[in-house]
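User: Please take a close look at one part of this model, the paired strands and the aromatic rings and nonpolar residues around them. How is that part put together?

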Amino acid sequence: FLDFVGESFAFRGVPRALFADRLHGDPWREQARIFVIEDSGDGSFLSGLLYYRREVAIEGGAPLILGAVADVCTREDSRRKGLCKTLLLAALGDMAARGFD
């Protein structure tokens with residue numbers, strides 16, 4: 001996944017290491033979830049995203065457990081086919097199943 005994201009954002013000059021450092025340096029990295037859709041022919045990634053667990057404190061209340069969606073990318077030849085929507089819905093369902101607020 002990190003190679004796919006790095007390649008997807010390379011045109012903006014964003015190095016793969018930025019994504020790897022953020023993922024590996026995250027205090028809740030064990031709870032990060034990666035979602036991908038693969039090409040049925042060669043197994044390459046067509047679209048992907050991940051989400052990080054985050055706790056957000058609201059004044060006067062208990063912290064909320066949220067999912068922060070990041071690194072959303074779709075291969076150029078696979079855009080406008082609803083792949084990202086499919087991944088976002090899967091990620092939201094996973095957050096709900098895990099009891100996120």
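Analyst: Strand E1 (residues 33–38) pairs with strand E2 (residues 45–56) in the antiparallel sense, over six bridges. Strands (E, at least two residues) and helices (H or I, at least four) are DSSP runs numbered from the N terminus, and two strands pair if DSSP finds at least two bridges between them. This is a predicted model, in which local features need pLDDT of at least 70 and side-chain atom pairs count only at pLDDT 80 or more, while totals for chains, interfaces and linings use all residues. Residues are numbered from 1 along each chain as its sequence is written, and side-chain values use heavy atoms, with hydrogens and water left out.

The rings come next. The structure holds four aromatic pairs. Rings of Phe, Tyr and Trp (its six-membered ring) pair if their centres lie within 6.5 Å; planes under 30 degrees apart count as stacked, over 60 as edge-to-face and the rest as tilted. Phe4 and Phe45 form an edge-to-face pair, 5.7 Å centre to centre with 85 degrees between the planes. This pair links distant parts of the chain, since Phe4 is in helix H1 and Phe45 in strand E2, 41 residues apart. Phe4 counts as buried because its relative accessibility is 9%, whereas Phe45, at 22%, counts as partly exposed; buried means under 20% relative accessible area, exposed over 50% and partly exposed in between (1.4 Å probe, protein chains only).

The rings of Phe35 and Tyr51 have centres 6.1 Å apart and planes at 20 degrees, so this pair is stacked. Phe35 lies in E1 and Tyr51 in E2, so the pair ties together parts 16 residues apart in sequence. Phe35 is buried at 16%, and Tyr51 is buried at 0%. Ring pairs link Phe35, Tyr51 and Phe100 into a cluster.

Phe4 also belongs to the largest nonpolar core, which has twelve residues, including Phe1, Leu50, Tyr52 and Ala70. Such a core is a set of buried Ala, Val, Leu, Ile, Met, Phe, Trp, Tyr and Cys residues joined through side-chain atoms within 4.5 Å. Helix H1 (2–9), helix H2 (16–24), E2 and E3 each give two or more residues to this core.
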